[in-house]
Amino acid sequence: MTIQKTNQNTTIDPVTLAVLKGRLEQIADEMDATLYRSAFNPIIAEARDACHGLYHAETGATLVQGTNGLPIFVGAMAFAVKAVIDKVAREGDLHPDDIFLFNDPYDGGTHLNDFRLVRPIFRQGRLFCWMASVGHWLDIGGNVPGNFNARATDSFQEGVRIPPVKLVKAGVMNHDLLAILAANSRVPVSNYGDLNGQLNALDLGVRRLTELLDEHGEATVAAAFDAFTARAEALMRSALSKLPDGTYSFEDYLDNDGVTADRLRIALDLTIAGDRMVLDFSRSSAPCAGPLNIAYSTAVACCYVALKHVFTDVPANAGCLNPITFVIPETTLLAVKPPKPVGGYTETILRVIGVVFGALALADPARATAAPFGTINALSLAGHRPDGSRWVMFSFFGGGLGGNPESDGLNHANNPISTATIPPVEILEAAYPVMFTQWALRPDSAGAGLHRGGLGAVYEIEALTAADVFLLGERGVFAPFGVAGGTPAALNRFVWQSDEGEKSPPLASKVTDVKIRDGQRVRLETPGGGGWGDPKRRDAAAVARDVRFGYLGAEAARGAYGVALTDDGTLDVAATAALRESSAA
Amino acid sequence: MSNGISTGAIVGVDVGGTFTDLFHYDEARGSFRTAKVPSNRGDEAVGFLAGLQSFGAVAELGSIVHGTTVGTNALLERKGAKVGLITTAGFRDVLEMRRRDRRQTWGLWGDFVPVVDRDLRLEVAERTLADGTVRAAVDPEEVRDAARRLAAMGAEALAIVFINAYANPANELAALEAARAVWPNANLECSSRILPEIREFERTSTTALNAYLQPVVGSYLAKLDNALAGEGFGGRFHIVQSNGGVMSTDTARRLPVRTALSGPAAGVIAAAAIAKAAGFPNVITGDLGGTSFDVSLVVEGQTMLAAQTTIDFGLVVRTPMIEITTIGAGGGSIAGVDPGGMLQVGPESAGSRPGPVCYGQGNSRPTLTDANVLLGRINAERPIGGKLARLDVDAARTAIATHVAEPLGLDVMAAAEAVVRIANSKMAGAIRLVSIERGHDPAKFAAVPFGGGGALHVGALIKEVGLKAALVPRFPGVTSALGCVIADIRHDQVQTVNLPLAGIDAASLDRRMVEEATAARAVVESAGLSVERIDLVFELDMHYIGQTHTVAVPLPVSVANGTTGVDEATIRAAFERAYQASFSRLLPGVGAKIVNLRTAAIGRRPHFDLAALAPAAGTTVEGAHAGSRPVWFDGAWYETAVYNRLDLPVGAHIQGPAILEQPDATTVIDPDLSARVDGYGNVIVERSAR
């Protein structure tokens, strides 16, 4: 809880401001919680792939976000609301009880699965602000169940695109639209349940916000919105001004676009000048044939995510972007137009976030975080049960976070773009005809460092009916990087059993339409995080413990860390000193 | 019903970090006594016995009920036992992999150390499928071998967790039996006997934390048992569980993880009982400590239970617990201005050492307590708790001037008031979270502060949240000890069933419910405390098929003549009622499913007449008047009357502004509020009649 200095351009009483900040965030939090609890698909209910907030009446800029909203949506929602504002500006006819629905990735979206509901909040006959809800629906048509089509070459192969349209017009639900949505999904009931969950959240949000506006009045709340934005901007400027001026360049690569084997470069030139920052991505690769492109709004949103992870004290609203200039030309894969495919956007934004971390590590090693594992590994297994009913198991998998100045990276974490929890094995086995044969940490998967990366994981799944397998992943060729002397983590690896023996994807980590028989297995081994700092300076006892715990092989202990162990696994102090001395020489 | 156990005096014992509070109740005479003795951290038995002896011969006591933080502290400070874990092949890392979460939404730093080291987690070949089919039977020799290896590595307790054991415990039970044959002590359990519920991480975490606590809680209870035996005590000795019910020490030794919130739960139970007797069945309890504010909701006299709680990142305990919401605002919360020019209060805290600036123990950054002192709300000459002679008001003023007033360009008194108001709004936020967010109208609720600090802030809570009133119990400091005496005996069980509702075999579900009820009832009966009756409560965790979260569905049935009489229509009606209460829309046409069956047996304790707490006749308001002092309210000083709270007679009416002082609490009555003393000695704070 905070209060604002009164010398700013607002007349709001500082304590009221603090109270409003808490109340408004609580409203967004409560909307998030309502959707998590009433959603049908586990990607919202368990993985929390959703977000709610309040947005500026004229600009759509983010005013208030919940504390648990999916980080990438926190950045992207302002663009979604702006898309509705533009539509209303073109067409007029806005009613206080309208609710817009859309999933258009190029018009303030991310990918086709993310359905936005945007509604106006009217007070005294005038538009006061916007309220929005976004959640990831399980399936919206296209060639691949779950829509992560690694081989899509245009948007039409990825699924059904809905531009901003009125789901509810002046309070009346458009059932024709619902029928169209239902006819275009493999799992219409799941989508219907999620839609109702989002409507539940909006209903509740309207109720809570109305109470708050009745209590405090529109002028006071509007003044508070301005103050929040000013505060976020001030905090961001304060953080930037502490970084040394200069241009810091960092590059990383995507393995391929799912269609050709060519690598894709993500290049950032980050310039600090006083309390301002320029993020210039001009040197990145051109738009690609496959689904690894992203729209401009998505690129800005993921930079916002990266900055929020580094400058954790800056509040989540539009003000923090004011001191930042983005240079993201349409000549790159980071600002594409329709119908370029964008279904693999998660992989691209993880790489963009990584290069922001990498460039900031050059500017200030004390804030450096080595690369997180950097791929969501969207894996679907789909088939038919003995009774003929269709099943689709779709999930994202975890890996290690990067070593950092404070600690080793976290083992088996979610990606920076999300706060998703993974569905339990027992829930998956109860819902789908699969049996996991391994769910374990992956030894030797972390980058070495004074603080090593977190470990990735091994997931091995046996299908209990015949199944089609789809995977959209990354980091099969280019490993998560270390910083400040730390080393890279292990590569992502995916194999499946076939009658001709074990196979792996011709294009690393991406595959569609693989068929396995019942009793055959797929195995996914995910990267850890990169290391931070010189591994030779890591506490030798910690290295010996990592070997005893099976995080690390004795060979790696010797090679990467210069730590020797005796035959019974205890630390060989003399041999370690000799090893480290010789490597230092 | 009565089971004929002796009804000598019963003593509730609440061992806190600094003091051990005791409440002695003579059921035959209807009279009570209280005692407060210093706690002896590390050897709690010393303070425990000293407290009991203050009531006379320990051998004369009928029963002792104990609220303990030994388990809580072992969890928070990571001082549990060395645990060995045996799992299904391929799954030894479930405990360490968690649910693939991270510490916070924003920021990627920080790691996680599980309570069982990886080399102490061994795997055996066995597998049960989700439908309960045993795909690979367990080999007892492989289990014995693993257990021997873990014991040889120094494990003091053993946990066995197999995948899908909730659906069929056969492999786990066989493994437990095999391990028992070679395990050197009694500290071993398997997950299906602790939590037969779907979700392997939550079950593994709960089972592992139970093992982590078994040696700690076991040796603590043994020490107390010995001490009591040495005094010739022959009565019953019981422990308060996190669910607010009482259990036998035998059950506590087997399921120590159920003591994780023992102490706070007892306080909530007492606050609920006191408020209900006073005519306030709907209350929000608030415990303001040094670093945090804990709130809990009581609706129609019933405490709310949460199915699980997270002790710390990655440490999940899934067992029904009184739902306590904690925010980082306490007396020691530090106030300061951040780089964006904003005043923050907490979550950083000076705790009790070094504590607030006014304690003079080395801290120079201002806290909430320092603001309360500067505003005159706390009596600097007579600090509560009795440890310090006086508080340093000047040091508090300097700290607030330097760290708050100057950076914000405010007058020092306005700055102190701002600190209190920010803290108030944080507390109000916590109350809103548990009330308005759950669909409850705050105008029907009263705040019940217990512990030392809450009563300082009740006025703001009434006004900011729109509460009906506040009720300050006559002895806020011994609320938890009183809760031990009046808590019911309770045993909770859960079983995952995964049954679609449409066309359900109700007779089969009925048999299961009766079996669960019989087992739960037996645990309550074996506790041996006198009870008036045993209630059986059934609740289903249900959802629409396709959802993963569930809603709690209370079933309006009980066991009579060996059956619950449950049927599909009853369940459906109960589900739709519960679902609609949580969300605005039912989903007609979508099937519903029962995920878990929850069963509780509650042994209702004999009625405790709280009127025993009321002040004796013969006191007067004038006699309680102890002078006045200036206190700062809403931007101005008010010369404010001060009363000795315990000397106020029943029926006393005090118009604010006023301060009511007693050894363990200070109640502040704002200028626009008034207070009255009810027939139980409670102070009721309300808006003044206009």
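Two residues are in contact if their C-beta atoms, placed from the backbone, lie within 7 Å. Keep that in mind as you work through this predicted model.

**Exercise 1. Find out where Pro606(B) sits, and say which residues Pro606(B) is in contact with, leaving aside neighbours within four places in sequence.**

Solution. Start with the chain: Pro606(B) lies in the loop that runs between strand E28 (592-604) and helix H16 (621-624) of chain B. Now apply the contact rule. Skipping neighbours within four places in sequence, you get Glu27(B), Ser530(B) and Glu532(B). Val531(B) is worth a look too: its C-alpha is 5.9 Å from that of Pro606(B), though the two are 75 residues apart in sequence.

**Exercise 2. Is Pro606(B) buried, exposed or partly exposed?**

Solution. Count the C-beta neighbours inside 10 Å: there are 14. A buried residue needs 20 or more, and an exposed one has 12 or fewer. Pro606(B), with its 14, therefore counts as partly exposed.

**Exercise 3. Describe how helix H4 and helix H5 of chain B meet.**

Solution. First, pick out the helices: H4(B) covers residues 140-152 and H5(B) covers residues 170-180. Their axes come within 8 Å and cross at roughly 50 degrees, which makes H4(B) oblique to H5(B). Next, the handedness: this crossing is right-handed. Then list who does the touching. H4(B) brings Pro140(B), Val143(B), Arg144(B) and Ala147(B), while H5(B) brings Ala174(B), Ala175(B), Ala178(B) and Ala179(B). Sort them by class, and you have 7 nonpolar residues, 1 charged and no polar ones.

**Exercise 4. Which residues touch the most other members of the largest nonpolar core?**

Solution. The largest nonpolar core holds 410 residues, and Val83(B) and Val419(B) touch the most other members. Zoom in on Val419(B): beyond four places in sequence, its contacts are Ala335(B), Val345(B), Leu368(B), Ala371(B) and Val404(B). There's also a second, separate core of 6 residues, including Leu401(A), Leu410(A), Ala413(A) and Leu108(B). As background, nonpolar side chains tend to be buried together in soluble globular proteins.

**Exercise 5. Work out what chain B brings to its contact with chain A.**

Solution. Begin with the counts: 61 residues come from chain B and 74 from chain A. On the chain B side, at least two residues each come from helix H3 (94-97), helix H6 (200-230), strand E22 (343-349) and helix H11 (412-434). H11(B) gives the most, with 8 residues.

Technical notes. Residues numbered from 1 in each chain as written. Chains lettered and ligands numbered in written order. Predicted model: local features only at pLDDT ≥ 70, side-chain atom pairs only at ≥ 80, totals over all residues. Axes fitted to C-alpha atoms, helices over the stretch in contact; angles between N-to-C directions. Parallel < 35°, antiparallel > 145°, perpendicular 65-115°, else oblique. Left-handed = near helix turned anticlockwise from the far one by under 90°. Nonpolar A, V, L, I, M, F, W, Y, C, P; charged D, E, K, R; others polar. Core = buried A, V, L, I, M, F, W, Y, C linked by C-beta atoms within 7 Å.
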